[in-house]
Structure formats: C-alpha cells, structure tokens
Amino acid sequence: MTKTLVSPKDLEAMMAAGDVVVIDTRSPEAYGAGHTPGAVNLHDIFTYLATSTPDGMKELTDKFAAEFGGTGLSGKETAVLCEQSMATGFGQSCRGYFLLKYLGYPNAAILHGGVSAWEAEGLPMSTETPTPTPATFPIDPASASLIADMADVKAALDDPAVTLLDVRDVDEWIGESSSPYGKDFCPRKGRLPGAVWIEWYRVMKPSPAGQVFKTPDELKAEFATVGITPGDKVIVYCFKGARASNTFVALAEAGITDVSIYFGSWNEWSRDPALPIEEGLPFEKALEPAE
C-alpha cells in the first residue's frame, strides 16, 4: 500500500520503477513553464464546483472517472498528485487525492511539498507535454460515503456525536467574506451552526522547501484544541472541498479516520436561504454581558 505523502526522492524512485502517473493540478500556464518529467496536467481537479444532489454527485463521478482515465489510470498504476507547494494551491493536490479515494482508486499519493520541494532537491524539470494512453478508470462505489451530502450535514447539526469542522480562511470564518473568489461571491456569509474552526494553514509548518504537513503528534495536538481526537466522527467543509481535502489528509495522518467531506461546502450551503447559518462574529455571544 502506497503511503499518502511521498517525498521527492520517493517519487523519483517510483518513476524509475514505472507504473506511476504523476498528475500536476496547477494551472496550464504554471505546468507549461515546467513540471516533473512525464507529469500530466489536470487543473479541473481544482476548479470544478460540485453540488451534493444525486445528479451533482453523478456528474462529479462521471466527469472525474473520465478525466482520470484520460491520464492513463487503470487501477494498476499509482497516482501521485502535486501542486506548487502545500499552501499555495488551496489544497488542490489533496483535492485530487481525495477524489481518487472517493472513486475507490486503490493506489494514490501526494507529492509532499509539491513541485517546490521537487525543485529544492535539484531534481529535473521538463516542459514536454506527454500524451498518455487513455484507460478505463475503475470505479468502486464502496468509498462513496467519503463525501457527505446536504442531508448528512443537516442531520449533523443536531447530532452531538458528529463534529462539523470549518477549515476556511479567517475572513470567511468571521463572516467578513463569503469565499476566496470574492467577498460577495456567495449570497450569504457566516458558518454552519455549531461548527468548530481550525484554519487549514494550521496543519502545516515551514520547511526549507516550503510548507509541509506537521508530524502526526503535532497534528493530534492541533485537532485536540477543538476537541477532535482519534475515534471521533468528523465532517469537514470549506468553500468547495479543496482546503477541506488538505485537512482530510492531516486528520488521517493524526489517526482520525472517521472523516467525510461536505464537498458542496459553503458554495452550496450558502445559496439555499432555507438552510440555517450562524452570522456575525463567532465570539460575539461570549462577549455579551450577563443579564
């Protein structure tokens, strides 16, 4: 079983051994300027906005099964996702990893530290665009529960056994902005009622090659600050499931594995005025004088 986070040297050895498909999730422009040799570009991993309706989930499944198949993934190869660095692409390589896990792909990993870490090791870059041989991508529906839908989140609002974890940037958490796409991109600003918050940057730390994930013990300490420990049931959300995917990986590294992502996230939830949200500053009630 491939480990989730592979180093540049790990990836170099995997590429030499064969049966690996490197998927670069960056923009076509960044990819074209230089990438790991043989990597294919799949930026849709980052840009696609999903909804958690049955039709939305079918569209998501069909789209990415076709796109991953187009990269040459047949089930035999190991997929390794990469972005520029772990903190510059809003978790896009982790989003690709999570989509593969959701589709039930058996062997997937993330280049830890991204292209920046690869370059820091002095490893070669390429500007050649490969032409992969398309394959029939194998879908295993057994992992579909990794995505929580709107009904799951509604049920979790009143279920003390489930922790809703918001990992958005601080301006979104305090209701100043609705999304990274702009303050008013979504019609409402705020939070899921009862959610706890860890800004996604907190699961990483600096290294000479850029941001990398903290150690398992460090991650356990971070999640414990909001009461999340191994064995807890967690639903993670952000704006569209990218930063949440980064945190999904961090939770797994900390041994917290009963985790799903509300992939529609704030982009979906905020657009239905019938759904409850918590508005205003999250600390306002704590500051109110006692009667």
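Predicted model: local features only at pLDDT ≥ 70, side-chain atom pairs only at ≥ 80, totals over all residues.
Me: Switching to helices. Why is α5 largely enclosed by the rest of the structure?
Reply: Ten of its eleven residues are buried, so the rest of the structure largely encloses α5 (residues 92–102).

Me: Which ones are buried in α5?
Reply: Gln92, Ser93, Cys94, Arg95, Gly96, Tyr97, Phe98, Leu99, Leu100 and Tyr102.

Me: What about the backbone after α5: is the phi of Gly104 positive or negative?
Reply: Positive, near 85 degrees. Gly104 follows α5.

Me: Now the surface. Which residues make the nonpolar patch of about 260 Å²?
Reply: Leu49, Tyr181 and Phe185 make that patch.

Me: Where does Tyr181 lie?
Reply: In the loop between α8 (170–173) and β8 (196–197). Tyr181 is partly exposed, at 41% relative accessible area.

Me: And how is Phe185 placed: buried, partly exposed or exposed?
Reply: Phe185 is partly exposed, with a relative accessible area of 35%.

Me: On to the rings. How many aromatic pairs turn up in the whole structure?
Reply: The search finds 14. One of them joins Phe185 and Phe239.

Me: What is the geometry of the Phe185 and Phe239 rings?
Reply: Edge-to-face. The centres are 5.8 Å apart and the planes sit at 75 degrees.

Me: Where in the chain are those two, Phe185 and Phe239?
Reply: In distant parts, 54 residues apart. Phe185 is in the loop between α8 and β8. Phe239 is in the loop between β11 (233–237) and α10 (243–253).

Me: Is Phe239 buried or exposed?
Reply: Buried, at 1% relative accessibility.

Me: What kind of pair do Trp200 and Tyr201 form?
Reply: A tilted one. They are 4.5 Å centre to centre, with 35 degrees between the planes. Trp200 is buried, at 0% relative accessible area. Tyr201 is partly exposed, at 35%.

Me: Which residues form the aromatic cluster?
Reply: Tyr48, Phe64, Phe68, Tyr105 and Phe137 form one cluster.

Me: Charges next. Which ring does the charged end of Arg168 sit over?
Reply: The ring of Trp266, 4.8 Å from its centre.

Me: And which ring lies under the charged end of Arg191?
Reply: That of Trp173. The distance to the ring centre is 5.3 Å.

Me: Back to Arg168. Which side chain meets Arg168 in a salt bridge?
Reply: Asp166, at 2.8 Å from N to O. Asp166 is buried, with 0% relative accessible area. Arg168 is buried too, also at 0%.

Me: How many salt bridges does the whole structure have?
Reply: The search finds 16.

Me: Take Lys9 and Glu12. What is their N to O distance?
Reply: It is 3.9 Å, in a salt bridge. Lys9 and Glu12 are three residues apart in helix α1 (residues 8–17), so about one helical turn separates them. Lys9 is partly exposed at 44% relative accessibility, and Glu12 is partly exposed at 34%.

Me: Which residue does Lys233 bridge to?
Reply: Asp258, with the closest N and O atoms 3.9 Å apart.

Me: What does the pair of Lys233 and Asp258 tie together?
Reply: Parts that are 25 residues apart in sequence, because Lys233 lies in strand β11 and Asp258 in strand β12 (residues 258–262). Lys233 is partly exposed, at 36% relative accessible area. Asp258 is partly exposed as well, at 38%.

Me: Last one. Which residues are linked in a network of salt bridges?
Reply: Asp44, Lys63 and Glu67.

Note on methods
Residues numbered from 1 in each chain as written. Heavy atoms only, no water. Buried < 20%, exposed > 50% of the residue type's maximum accessible area, 1.4 Å probe, protein only. Helix = DSSP H or I, 4+ residues; strand = E, 2+ residues; numbered from the N terminus. Patch = residues over 30% accessible without salt bridge, like charges linked within 9 Å, V, L, I, M, F, W, Y side chains within 5 Å. Areas by Shrake-Rupley, 256 points an atom, 1.4 Å probe, with all protein chains shown as cover. Salt bridge = Lys/Arg side-chain N within 4 Å of Asp/Glu carboxyl O. Phe/Tyr/Trp six-rings, centres within 6.5 Å; stacked < 30°, edge-to-face > 60°. Lys NZ or Arg CZ within 6 Å of the ring centre and 35° of its normal.
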